[in-house]
Amino acid sequence: MKRRHFIKTVAVAGAATATGALRTRLNAAQSVADTEIVLHPQAATTTISPLIYGHFIEHLGGVIYDGIWVGKDSKIPNSNGIRQQFIDDLKAIGAPTIRWPGGCFADGYHWRDGIGPAEKRPRTYNYWQQNTPQEVRGLETNQFGTHEFMELCKLTGAEPYVAGNVGSGTVKEFHDWVNYCNAPAGTLSLADERVANGDREPFNIKYWGIGNESWGCGGDMTPAEYAQHYRQYVSQFPTYLPPFLIATGPRGHSSDYDTGWTRGFFEDMQGRKSRVDGLSLHFYTDFRLTNFKAATFSPAEWYSVLLKGANIEKALLDNWDVMTKYDPSHHTKFIVDEWGNWYPPGEEIEPGFTISQPITLRDALHTALTFDIFNRHADKIAMANVAQTINCLHSLFHAHADKFVRTPVYYVFKMYQPHMNGRLVPMDIGGASQNVTAVEGTAKMPLVYGSASVKEAGALAVTLTNPSLDSAISVRLRIEGANASEVQGQVLTHDDRQATNTFATPDVVSLAPLSATVDGQFVRVTIPKQAVVSLSVRLS
Ligand code: AHR
């Protein structure tokens, strides 16, 4: 297969052109790198689960209260107490699933506190409250409970995913919750209680997590201790519809990707009957122990975040290898139910919004290359949930009182929407890489990140990211076995790598059309530096 990558310097007097091997560093702002990418739509494979583009919300700082729940009597536009803009924007990106109530909060949550008349619900302890000034954000009020969560899912069309309490709950409490949610009206007393609280129809919740981070805030257990709990929680699981049961998995951002947890858990499950449908893998691009800042950063810190984020692929592959040994047919799939960038504290977007942080163009590019990795490993991943959707770490939205803004990350979700339910198209992106200067030193980085998918109607979706802070990249897509009759492009970028959207300036980073051309089996597009591009190609 003939492939070419070359770099030219344009619009510079006496422009020099380098061909052949990729030069390591481009010095002029006007530099353009060229590359060819080959797509094989006729060899399309796995269907990309829409659930890969899922969400995670937790009772933490400003996520639920203020962010999502504004209350039924609020002047802020709402549906049954839920912020209307949040509902509308989640619908606009086809939010497929929402995980709730935590996170670490889940292992301290007792579901009965969050049902019944709102004024009678108790004020209870919130795990995260210890990190929150008392005068700013009080205890858990339980105004947002199971019915309110299900209302959010109904209003957005998202599939509910509930994390149960293993750390401080009991098996009975968990099973009661499942019965309360899923038993048909007129059967169990718990179902009648649900009806009395306003919901006749069962919630039909399919996705249940057995605890959260049981190696840490969810009980500080060894893998074998957790495996024993897991079996007790699932072996008499009340079944009204086929459930999808999710076990706590590894702390994927550990230096060894925590394969020891995965090995230890499955080792202890050997020969047991309990089914494991999903293994939760958490991967934070974790800078908590550094001097990195979310809002301001050097070029080297830009590259460090992207390079570290891309390690999620290794975490997936190494843990998958371990799973292959115990489950060669791979019944168990990954649920990457927490992922995102995590910078050190100190830049919270509002007082009391624990672990919230500004979101910039850098986080948008990180999102794009993470999604490309998820797409490429769609055979291994049943679901993924960004941590967390609003007022938190890797958020799509910031909201406070009547103010609301979409962050740059939101637009990447929008751009990748066409991949949902598409079949993964093999993409030969070539081995072209560039040397970049990251905080850790010089590192190799792909010239371009990307993924592609196709739907039956011949709609090809291609997403590409140019991580370079210096050079645009001119891409020639060659589509094997098909011609392109039409292309439409969109781009997300900004001249300032630190660009962000704020309540006062909400549209600094947003989508713009990008011109691309078709010519038989070729599509040509130039990706600006520090940009994400999505292409919708009509195949003929
Ligand atoms: O997303 C914030 C926290 O990160 C979650 O509560 C916990 O599961 C993880 O450590």
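**Ground rules.** The model is predicted, so I took local features only at pLDDT of at least 70 and side-chain atom pairs only at pLDDT 80 or more, while totals for chains, interfaces and linings use all residues. I number residues from 1 along each chain as its sequence is written, and side-chain values use heavy atoms, with hydrogens and water left out. My helices (H or I, at least four residues) and strands (E, at least two) are DSSP runs numbered from the N terminus.

**Entry 1, helices 7 and 8.** I looked up how helix 7 (residues 299-310) lies against helix 8 (residues 312-326): their axes come within 4 Å and cross at roughly 15 degrees. The axes are lines fitted to C-alpha atoms, for helices over the stretch in contact, with angles from 0 to 180 degrees between N-to-C directions. I found Lys308, Gly309 and Ala310 of helix 7 meeting Ile312, Glu313 and Lys314 of helix 8; contact here means heavy atoms within 4.5 Å.

I located Asp199 in the loop between helix 4 (189-196) and strand 9 (207-210). Is Asp199 buried or exposed? Asp199 is buried, at a relative accessible area of 14% (buried is under 20%, exposed over 50%, partly exposed in between, with a 1.4 Å probe and protein chains only). Leaving out residues up to four places away in sequence, I list His147, Lys154 and Arg194 as touching Asp199. The side chains of Asp199 and His147 are joined by a polar contact of 2.6 Å (a pair of N or O atoms within 3.5 Å; within protein, one must be able to donate a hydrogen and the other to accept it, and residues adjacent in sequence count only if both atoms are side-chain atoms).

I checked strand 14 (residues 397-400) and strand 15 (residues 403-406), which run antiparallel and are joined by four bridges; strands pair if DSSP finds at least two bridges between them. Ala399 has Phe404 in strand 15 as its bridge partner. Two residues separate the strands, and Ala401 takes a positive phi near 50 degrees.

I traced an open, antiparallel sheet of six strands in the order 16-20-21-27-23-24. Strand 16 (423-424) and strand 24 (512-514) are at the edges with a single partner strand each, so one side of each has no neighbour in the sheet.
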